[in-house]
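Colleague: I have just opened this entry and would like a walk through it. Could we start with one of the sheets?

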Amino acid sequence: MDLQQIVDDTWNALADERGCGTPARYIPALAEVDPTKFGIAVATRSGEVHCAGDTDEPFSIQSISKVFVLAQALEREGLALWDAVGREPSGNAFNSIVQLEREKGIPRNPFINSGAIVTTDRFIGDRGPDEAVADLLAKLQNMGRDDDIGIDERVARSESETGARNRSLAYFMADFGRLLNPVEDVLSVYFRQCALALTCRQLADAALFLAFDGCDPVTRERMCSRERTRRINALMLLCGHYDNSGEFAFDVGFPGKSGVGGGILASIPGRATIAVWSPGLNRWGTSLLGARALAQIADRTGWSVFSGRLDEI
Ligand SMILES: NC(=O)CC[C@H](N)C(=O)O
């Protein structure tokens, strides 16, 4: 299979649709990004990354960071994390508050905002917020084998200044006694993790452990246990796109995580990771062109986790 050809063909087939969808405007700094950006990067076991389009320009990974923070929180807390957050799709928007009251401040899963805020709280543990952020950044730089990975402080500030909804979620959970750290400390880490800026190439590279049983296939360094990695992939498939997760599984069939910066990270266990970026979103906050690109790659490669190829058995 000529992966570079598949990446090029997919980019070319969709290039005329650049700019489709609606970029997130509720975080003012995101509204300034050029909506015609479009990049595809596919990283494989050897560490080779096949790229097309805008794959070397950093963008705000937003909720994709929830995958990395979940992996790190599980490494710190182990199974106890699941007392604080569930593992079921929510069927609601990423920033919804409705289930929280009925379910006594325990969020449905770690990928909706409330669940990510709790996960961030456990990731911080008994450290200060700045130490936790420095640790997360160092882990990502290590996973991506790239010290250039950083945080866009302007985006973090912009999100904090307009973060009334996330503050509501966090204070609501604090009222149920669900957070261990002061609310503003937790939010300061949450806003900075959402503002992590990576290129498609760096993102696909840093996430390779998800597709290879928790190990960086290039250095063989273990990032996450095999069992946890398998379960993170399961959660990505079921909850990675909020109330659009069913549609994404139906059309694409890869565990994936979207972010309102227009990025989508996909993990194809045993094969590759894919990062796509196009800022225009569908109504559920998933990149419109990014999801189309992943659907085409799934078709061209036959890599959907729901496909079985007789000739490979
Ligand atoms: N889906 C997303 O990417 C949402 C993340 C965004 N930072 C928020 O909290 O609203």
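Modeller: In this predicted model, S4 and strand S5, which covers residues 196–198, pair in the antiparallel sense over two bridges.

Colleague: And which residue is the bridge partner of Ile151 in S5?

Modeller: The bridge partner of Ile151 in that strand is Leu196.

Colleague: What order do the strands of that open sheet have?

Modeller: The order is S3-S5-S4, an open sheet of three strands with antiparallel pairing. Strand S3 (59–60) and strand S4 (150–151) stand at the edges with a single partner strand each, so one side of each is left without a neighbour in the sheet.

Colleague: Switching to S1, how many of its residues are buried?

Modeller: Five of the six residues of strand S1, residues 39–44, are buried, so the strand is largely enclosed by the rest of the structure.

Colleague: Which way does S1 run against S2 and S8?

Modeller: With strand S2 (residues 49–53), S1 pairs in the antiparallel sense over five bridges, and Ala41 stands opposite Cys51 in S2. Strand S8 (residues 272–277) also runs antiparallel to S1, joined by six bridges, and there Trp277 is the residue opposite Gly39.

Colleague: What about the hairpin of S1 and S2?

Modeller: That hairpin has four residues between the strands, and Gly47 takes a positive phi near 90° in it.

Colleague: Now Asp205, is that buried or exposed?

Modeller: Asp205, which lies in helix H11 (residues 200–206), has 24 C-beta neighbours inside 10 Å, and because 20 or more are needed, Asp205 counts as buried.

Colleague: Which residues is Asp205 in contact with, leaving aside neighbours within four places in sequence?

Modeller: Those contacts of Asp205 are Ala43, Val49, Gly144 and Arg145. As for Asp216, 11 residues from Asp205 in sequence, the C-alpha to C-alpha separation of the two is 8.9 Å.

Colleague: Which residues are around the ligand?

Modeller: Among them are Gln62, Ser63, Phe94, Asn95, Glu159 and Cys194. By class, the shell around the ligand has seven polar, three nonpolar and one charged residues.

Colleague: Last topic, the protein as a whole: how many helices and strands are there?

Modeller: The protein has 15 helices and eight strands, and 52% of its 313 residues count as buried. For 313 residues, a compact globule would have a radius of gyration near 20 Å, and the protein has 18 Å, which agrees. Taken along the principal axes, its C-alpha atoms fill a box of roughly 55 × 40 × 40 Å.

Note on methods. Residues are numbered from 1 along each chain as its sequence is written. This is a predicted model: local features need pLDDT of at least 70, side-chain atom pairs count only at pLDDT 80 or more; totals for chains, interfaces and linings use all residues. Two strands pair if DSSP finds at least two bridges between them. A residue is near a molecule or strand if its C-beta atom, placed from the backbone, lies within 6 Å of it. Ala, Val, Leu, Ile, Met, Phe, Trp, Tyr, Cys and Pro count as nonpolar, Asp, Glu, Lys and Arg as charged, and the others, Gly among them, as polar. The radius of gyration is taken over C-alpha atoms; the globule rule is 2.2 Å times the number of residues to the power 0.38. A residue is buried if 20 or more other C-beta atoms lie within 10 Å of its own, exposed if 12 or fewer, and partly exposed in between; C-beta atoms are placed from the backbone. Two residues are in contact if their C-beta atoms, placed from the backbone, lie within 7 Å.
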